[in-house]
Amino acid sequence: MLPPLLSKRHCLFLDLDGTLAQIAARPELARVEGEMKHEVARLHGALDGALAIVSGRPISQIDAMLAPLHLPAAGVHGAERRAGGTTEALPVPEGLGDIERALQRFADRHEGVLLEKKAHALCLHFRARPELESIVHKAMEEAAAPYAGLTLMKGKMVMEVKPQAATKGAAVHAFMALSPFAGRIPVFAGDDVTDEDGFKAAQELGGAGLKIGSGKTAAAWRLDDIAALRRWLAQSADGLEKAEAR
Ligand SMILES: O=P(O)(O)OC[C@H]1O[C@H](O[C@H]2O[C@H](CO)[C@@H](O)[C@H](O)[C@H]2O)[C@H](O)[C@@H](O)[C@@H]1O
């Protein structure tokens with residue numbers, strides 16, 4: 001089902017990779033186009049600041065990709081959260097250093113597999129070697145097995161080990177307890193299985209998930225691609241700005 005345009009009663013949570021930025025061959029090559037930043041900025045203003053980015057990337061990378069915007073944000077699937085001038089983070093999980101060394105040895109032995117290091121999580125990217133998916137999964141399972149409180153998560157051509165408590169759903173619930181999000185109807189837009197927790201949280205709180213692209217989803221609404229999302233953001237901002245001018 002197509003999403004209705006946003007009203008002043010809504011707040012918006014936006015995933016980054018695959019939602020605001022096209023998927024690229026490597027993490028550092030992904031870009032948010034200027035037109036998309038422009039629409040996100042307009043909507044952030046029109047919703048009185050009730051718009052946040054909720055991504056698997058660290059907040060430092062969210063800021064770099066969206067510069068000069070500096071938005072409320074949850075990074076590393078909610079392990080870090082910035083709202084109202086305050087940044088909070090979960091403790092760095094025990095064992096991450098050992099897991100990193102094991103995964104680095106694995107990546108060194110498998111050309112085309114890339115290890116991405118974050119403060120709270122580690123990713124093995126296998127976009128250049130899709131046939132290695134099952135052994136990437138096994139390597140990560142073995143490396144993480146001795147440590148409690150961690151979970152594995154599959155994304156787009158990536159396997160990640162992260163704290164169990166870090167979910168996009170938990171991030172949405174945390175934002176919704178704070179101004180200017182509290183009391184509004186949440187909408188969560190994302191493209192990946194890692195966004196399903198965010199869709200479910202938005203729906204539990206009386207709002208809706210908005211899936212970008214194809215694939216099975218719990219989201220009630222869907223748009224075909226990033227270009228369709230940009231048009232919907234622009235039309236929502238137009239409507240809100242017109243209502244404000246009346
Ligand atoms: O929650 P998101 O904002 O969607 O972030 C999810 C992961 O995105 C990045 O990896 C993905 O995008 C890369 C660039 O397009 C692509 O090369 C990779 O295959 C994708 O998995 C990022 O590197 C991860 O840290 C994020 O968790």
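Trainee: In which sense do strand β2 (residues 51–54) and strand β3 (residues 73–75) pair?
Mentor: This is a predicted model, in which local features need pLDDT of at least 70, side-chain atom pairs count only at pLDDT 80 or more, and totals for chains, interfaces and linings use all residues. Residues are numbered from 1 along each chain as its sequence is written. Helices (H or I, at least four residues) and strands (E, at least two) are DSSP runs numbered from the N terminus, and two strands pair if DSSP finds at least two bridges between them. Between β2 and β3 there are two bridges, and the sense is parallel.

Trainee: Which strands lie at the edges of the sheet?
Mentor: Eight strands form an open sheet with mixed pairing, in the order β5-β4-β3-β2-β1-β10-β11-β12. An edge strand pairs on one side only, which applies to β5 (86–89) and β12 (221–223).

Trainee: What angle does the direction of helix α5 (residues 168–176) make with that of β2?
Mentor: Helix α5 packs on the sheet, touching β1 (10–14), β2, β3, β4 (80–83) and β10 (185–190); contact requires C-beta atoms, placed from the backbone, within 7 Å. Axes are lines fitted to C-alpha atoms, for helices over the stretch in contact, and angles run from 0 to 180 degrees between N-to-C directions. For α5 and β2 the angle is about 155°.

Trainee: How far apart are the axes of α5 and helix α6 (residues 196–204)?
Mentor: Two packed helices are described by the angle between their axes and the distance between the axes. Here K168, G169, V172 and H173 in α5 meet D197, G198, K200, A201 and A202 in α6. The angle is about 35°, and the distance between the axes is 7 Å.

Trainee: How many residues of the shell around the ligand are charged?
Mentor: The shell has 23 residues, the closest being L16, D17, P27, S55 and G56; a residue counts if its C-beta atom, placed from the backbone, lies within 6 Å of the ligand. Asp, Glu, Lys and Arg count as charged, Ala, Val, Leu, Ile, Met, Phe, Trp, Tyr, Cys and Pro as nonpolar, and the others, Gly among them, as polar. Eight residues are nonpolar and six polar, while the charged ones number nine.

Trainee: Which residue in β7 is the bridge partner of L114?
Mentor: Strand β6 (residues 114–117) and β7 pair in the antiparallel sense over four bridges. The two strands form a hairpin with four residues between them. The bridge partner of L114 is H125.

Methods: Contact = placed C-beta atoms within 7 Å.
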